[in-house]
Amino acid sequence: QVQLVESGGGLVQAGGSLRLSCAASRSIFSFNVMGWYRQAPGKQRELVASITNGDRSTYADSVKGRFTISRDAAENTVYLQMNNLKPEDTAVYYCNAATFCPYRSDYWGQGTKVTVSS
């Protein structure tokens, strides 16, 4: 049905940068919101950043000022630019797309691993 394909993860040193990409199988405007979640070992999955159809963005406090979510509608792709990475950012990052009507439905990518070394 809906496919979300993530790329861009890898190993970086603290202070470095990565850009994650999430390519969707249909128009990103067919979703009410898209975002990035992450799950670190032994922790709950948490919302990192999201962007609505109306182009409003939300960020977790822990990444505010360092991460930026953006989109390229022509490429059906959402990005997460991650700057000044910290070891605490180490996690598997998952792309999420959601529709709200008639009920909330969520779609997930398989995840891309980000490792930040000290």
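Trainee: Which side chain meets Arg-71 in a salt bridge?
Mentor: Asp-55 does, at 3.5 Å, N to O. A salt bridge here is a side-chain nitrogen of Lys or Arg within 4 Å of a carboxyl oxygen of Asp or Glu.

Trainee: What should I know about the model itself?
Mentor: This is a predicted model, where local features need pLDDT of at least 70, side-chain atom pairs count only at pLDDT 80 or more, and totals for chains, interfaces and linings use all residues. Residues are numbered from 1 along each chain as its sequence is written, and side-chain values use heavy atoms, with hydrogens and water left out.

Trainee: How many salt bridges are in the whole structure?
Mentor: Six. One of them joins Glu-46 and Arg-38 at 2.9 Å, N to O.

Trainee: Is Arg-38 buried or exposed?
Mentor: Arg-38 is buried, at 5% relative accessible area. Buried means under 20%, exposed over 50%, partly exposed in between (1.4 Å probe, protein chains only). Glu-46 is partly exposed at 34%.

Trainee: New topic: where is Ser-50?
Mentor: Ser-50 is in strand E5 (residues 46-52). Its relative accessible area is 12%, so Ser-50 counts as buried.

Trainee: Which residues does Ser-50 touch?
Mentor: Leaving out residues up to four places away in sequence, its contacts (heavy atoms within 4.5 Å) include Val-33, Arg-56 and Ile-69.

Definitions and conventions:
Helices (H or I, at least four residues) and strands (E, at least two) are DSSP runs, numbered from the N terminus.
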